[in-house]
Amino acid sequence: MSDGEAGGQAPRGGDLVRRHRLSTRIWHWINALTIFVMLMSGLMIFNAHPRLYWGQYGANHDRAWLQIGSIGDRGIVQIGDTRFDSTGLLGLWKDRDGVVRRKAFPWWATIPSSYSLADARLWHFFFAWVLAIGAVAYAAIGLVNRHIQRDLLPRRGELHPRHIWHDVKAHARLRFPTGAAALRYNILQKLAYLAVIFGLIPLVILTGLTMSPGVNAAWPWLLDLFGGRQSARSIHFLCAAGFALFILVHLLMVLLAGPFNEVRSMVTGRYRLPKERAE
Amino acid sequence: MITRRGLIGSLAAGAGGLLLSGCNRINANPGVRSLLQSAEGLTMRAQRIIADRSAPAREYGLADLSPVFRANGTRQPAGADYEAHRLAGFADWRLLVDGLVARPLSLSMAQIRSMPQRTQITRHDCVEGWSAIGQWTGVPLHRLLDAAGLRSNARYLIFHCADRYAQADYYESIDLIDAFHPQTILAWGLNRQLLPVGNGAPLRLRVERQLGYKHAKYVRRIEAVDSLASIGRGKGGYWEDYHDYAWYAGI
C-alpha cells in the first residue's frame, strides 16, 4: 500500500493521509463497546421500574410523565396523558421462544436478554467506570496534545450562521468535503462531537451519580443541580436517548461517507481523501 | 474470492446475530462475572473516599413526604408465629442483640420505644429505581451496640428477619461504619404511626446511604460477627446470596 502523502505538498483528493491519533482511535473503540453495554444494560435496569418522574420522589402511586406497560393484550407507551400502542415492540412482546413477555424493552435490546436487574447492574456499573475513566483520560490527553483545541473547537467564522447554514445545506444534499478540506472536521461534526464529549457524557455521568444514595451523602449539591433523584433519573434516560440518536446519525454518516475508508481511518489512522468533484 | 471489504461486511452482519447469544454466554461466564463484580469494591472505596464516614443522607421536610409510602418485598410475613405477634400488637416481640458482644440483649418493643429516639425524613431508594420519602422514628443503632458492648473483633452486623423471601430466610448485613452512622436507626415508626406490617413491623433497619434492600424489615435478631462467610451462602444478605446483588448498595 503506497502512501500518497507527498513531502511538502498540500494533500489532494486520492491521497492516503494520517487522520486519527492513536489515543482518539483507542478511545473510540472502547466507547463503541462501552456505549452499547451501557445502553442495553440501562434498558434492562429501566425494565425493573418502567416509569419516569420529576422531583425528589416517585413510585407507583405517584404521577409518572413516562410509562411503558401493557393493558390486556396491548403494549402501551404513555407520555403524560397520551397513550400510544406499542404492541410487539414495547410493553408487550414475544421473546425468542415466542412467549409473550410484559416488560418495557424487548429481549433483543437489553443485557442480559432475559430479565435480570442484578446482572444488568453488574454490567452497567463496571462499564460506568470504563466510560468515566476513558472520558477523563481523553479530555486530559486531548487538552495536552491540543487535539481538542485544534481539531474540535470551532475556528473563527465557523460559528457564523451563514457558515453553519451552508454546512447544513451541504449535508442535506450529501455533498461532503473533498480533497484537503476533508482533513478537518466540518462545523456540524465539531458541534456534534463537542455536544457529546462535553455535554452528554458529563451529564449522563452526573445524573447517574445523583441516583446513588451514597454519592448523595457526599455531594448533596447534585440533588439541587438536577432537582431531585427522580428528575436525575429522567434526565439520565433522556441522555441515553440522546446517545442512541447520536449513534444512529454517526453510523448513517459513516455509511454515506464511505464505510470502508471511514472505518479504516478509525482502525489504522489512515484515510484516503475523497477526490475533488469536477465542477 | 474473499475481499477485505466483503469480509468486514459479513463479519458485521454476523456479529449482530451472534452478539445476543454470545452476550448471554458471556454473561454466564464465571470469570466475566467476577471481573464485573470487581467494580463493586472500586465503587465502595470511591464513595468512602469522597464521603466522610458520618456524611449524612439528605433530610427532607414534612412537605416533601410521599403521599403513599410504597411497601415492597415481603409485605406480609407468612407463618403463625408472626401472625400471633401481629395480633398481639407485638407486645411479646423481642429483639436479640448477640454474637460478638460483651452483654447480649433481649429487648421488648416497649423497652426499645422508651430508649432515646431519632426522627428523620429521608428518601428511600429502591434498587428498581423508584424513591419514596418517609418520616422514620427509631432508636439509633449505636445506642444498642454501646449497651451490648461490641467486642473488638466484631466487623459486621447481621440482621436476621422474621420473613422468608422466595426460597430463603431474609437477612442483611452492614459494616461498622454504617452501623455507627448517626442516621442508622432501628425504626419502629413511619410517618408518626407505628410501623405498618408492609413496611416491616415492628422493627426495621434504616441505613440511609444505601439502597432499599439493605434496610432489613421484621428484624428480630442482630448478630455481631467477624466474617460474613458462615452466614447464609456467605455473601452477606438474601439478595446478595441468591441474586448477585451488590453487598455494598451505595449506587
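Why is strand S7 of chain B largely enclosed by the rest of the structure? First, the conventions. This is a predicted model in which local features need pLDDT of at least 70 and side-chain atom pairs count only at pLDDT 80 or more, while totals for chains, interfaces and linings use all residues. Residues are numbered from 1 along each chain as its sequence is written, chains are lettered from A and ligands numbered from 1 in the order written, and side-chain values use heavy atoms, without hydrogens or water.

Back to S7(B), residues 185–190: 6 of its 6 residues are buried, so the strand is largely enclosed. Buried means under 20% relative accessible area, with a 1.4 Å probe and protein chains only. Strands are DSSP runs of E, at least two residues, and helices are runs of H or I, at least four, numbered from the N terminus.

Now its pairings; two strands pair if DSSP finds at least two bridges between them. S4(B), residues 131–140, runs antiparallel to S7(B) with 5 bridges, and Thr137(B) is bridged to Gly189(B). S9(B), residues 204–206, is also antiparallel to S7(B), over 3 bridges; here Ile185(B) partners Arg206(B). With S8(B), residues 193–194, there are 2 antiparallel bridges, and Leu190(B) partners Gln193(B). S7(B) and S8(B) make a hairpin with 2 residues between them, where Asn191(B) has a positive phi of about 50°.

Key. Buried < 20%, exposed > 50% of the residue type's maximum accessible area, 1.4 Å probe, protein only.
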